[in-house]
Amino acid sequence: MTKGNFGSKGWTPERLGSLKGKTFVITGANSGAGFEASRAFLSRGAGVVMLNRSTAKSEAAIAALREEFGETADVTFVKMDLAELASVRAAAGELLRKTPRIDALICNAAIAQVPRQNLTVDGFESQLGVNHFGHFLLCGLLFERIEASRGRIVVVGSNAYKMGLKRIKFEDMNFDHSYTAWNAYAQSKLAQMVFGYELQRRVQAAGKAGTVQVCHPGASRTNLLKDTASTFNKIVWAILAPIIAQSAERGSWPEVMCAAEENVATETLYGPTKRAETVGPVDACPLDPCALDRDAAAKLWTISEQKTSLTWSV
C-alpha cells in the first residue's frame, strides 16, 4: 500500500497559498474538473487560460467565473480542438504570443467510451488522437515556455490505464481489428501516462527546469461521457454517478495539487485513494508497472514524434 504524504484527509486546496502572478493553462476547462480547477486557481489570484473547442461554452464559463470572482478575474480562452493537429499548432502559436509565462499546463481534456471506431482528420483512433497525440504535440510546442517559467506539465490520466489490455497495441494502435470502446479508451489513457513518466525521466536527465506530474480524478460527476459514449453507457452512468462518484470539484483536486503543490514526487500517481481509487482523500496511489514500461515509452515517443511531425529534443 502506498504511504500517504498528506495525512488522513489527504491533499485539499486549503494547502494552497497565494498564486498571484502565476498562469495556469488548462485543456477542456469550460466544464467538469477543468472548470473547477479554474475556480481553484482564480480563487487564489492566479490567471487561467482555457483551451477549449467551443467558443460559446467557453464564453459562458468565463461569464460564470467573472460573476463569482469579479469582472477583473484573469481568465481567457483560446480555441483549440485536440482532434486536429493543425488546430493544436494554431492554438499553441496564439498562446505563445499572448502568454509570457506558463506555470502549469494541465492536460485535462479527454473523450471516452466512443462506441464505434472513429478516426480523427489526421487518421488516429479518436480517443488516442485526442487524449494522447493532441496533448503530446501541445506539450512539445509549449515546453520551452513552461521550462522558462520553471513550470509544470500535469498529465491527467485515468485508472482505466490498468483495466484494458495494459499495453500499447503498437501492431494496431487504431484498433482496426477488434475495436472496443473500453480497450481503445484504456490504451489512450495508458499512452498519456506512459508519455508523462517518460517526459519526467527525460526532463530530469537533461537537467531541465520544468517538472512533470501525473494524476487521475477517480470517479467524478462530470460530462466526460456526454458527447461520445453509447446511449447505454450514458444511462448506466446517469444511474450510478450519484451513488458511486464524487463531485467534479473533488475530481479536480488531483490536477490542482499536481500543478501547485510543492511536495510532489516523480514516478508517482496522485488521485483519490479509497474504493479502488475512485473517491476519497487525495494522495499517492498504487501504480501499475505497465505505466513505467521504458521500452514501450521509448517506442511510443518515437511514434508520437512521427505522427505529430514534432521533433522534440528534450
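Reader: Leaving aside neighbours within four places in sequence, which residues is T99 in contact with?
Author: With those neighbours set aside, T99 touches T23, V49 and R145. Keep in mind that this is a predicted model.

Reader: Where is the place of T99?
Author: T99 sits in the loop between α3 (85-98) and β4 (104-107).

Reader: And does T99 count as buried or exposed?
Author: Buried. Its relative accessibility is 8%, and the cut-off for buried is under 20%.

Reader: How far apart are the C-alpha atoms of T99 and M80?
Author: They are separated by 15 Å, and the two residues are 19 apart along the chain.

Reader: Let's zoom out. How many helices and strands are in the chain?
Author: Eight helices and eight strands.

Reader: What does the C-alpha trace span along its principal axes?
Author: About 50 × 45 × 40 Å. Of the 314 residues, 56% count as buried.

Reader: What about contacts between residues at least 6 apart in sequence?
Author: Of those, 76% join residues at least 24 apart.

Reader: Surface and charges next. What does the accessible surface come to?
Author: About 13,500 Å², with 50% of that belonging to carbon and sulfur atoms. As for charges, there are 36 positive and 31 negative side chains. The centres of the two sets lie 2 Å apart.

Reader: Now rings. How many aromatic pairs does the structure hold?
Author: Eleven. One of them is F24 with F41: the ring centres are 3.9 Å apart and the planes are at 0 degrees, so the pair is stacked.

Reader: Where do F24 and F41 lie in the chain?
Author: F24 is in strand β1 (residues 23-27) and F41 is in helix α1 (residues 32-43). They are 17 residues apart, and the pair links distant parts of the chain.

Reader: Is F24 buried or exposed?
Author: F24 is buried, at 1% relative accessible area. F41 is buried as well, at 0%.

Reader: What kind of aromatic pair do F136 and W301 form?
Author: An edge-to-face one. The centres are 5.3 Å apart, with 80 degrees between the planes. F136 lies in helix α4 (residues 126-148) and W301 in helix α8 (residues 294-308), so the pair ties together parts 165 residues apart in sequence.

Reader: F136 and W301: buried or exposed?
Author: Both are buried.

Reader: Which residues do ring pairs link into a cluster?
Author: F136, F143, F195, W301 and W312.

Reader: Backbone now. What is the phi of R150?
Author: Positive, at about 55 degrees, although R150 is not a glycine. Most residues other than glycine have a negative phi. R150 lies in the loop between α4 and β5 (152-156). R150 is exposed, with a relative accessible area of 65%.

Reader: And phi of F175?
Author: Near 55 degrees, again a positive value in a residue other than glycine. F175 is in the loop between β5 and α5. F175 is buried, with a relative accessible area of 2%.

Reader: Last one. Where does G207 lie?
Author: In the loop between α5 (181-206) and β6 (211-215). At 62% relative accessibility, G207 counts as exposed.

Notes
Residues are numbered from 1 along each chain as its sequence is written. This is a predicted model: local features need pLDDT of at least 70, side-chain atom pairs count only at pLDDT 80 or more; totals for chains, interfaces and linings use all residues. Side-chain values use heavy atoms; hydrogens and water are left out. Helices (H or I, at least four residues) and strands (E, at least two) are DSSP runs, numbered from the N terminus. Buried means under 20% relative accessible area, exposed over 50%, partly exposed in between (1.4 Å probe, protein chains only). Contact means heavy atoms within 4.5 Å. Accessible areas come from the Shrake-Rupley method with a 1.4 Å probe; for residues, only the protein chains shown count as cover. Lys and Arg count as positive and Asp and Glu as negative; His and the chain ends are not counted. The place of a charge is taken as NZ of Lys, CZ of Arg, CG of Asp or CD of Glu. Rings of Phe, Tyr and Trp (its six-membered ring) pair if their centres lie within 6.5 Å; planes under 30 degrees apart count as stacked, over 60 as edge-to-face and the rest as tilted.
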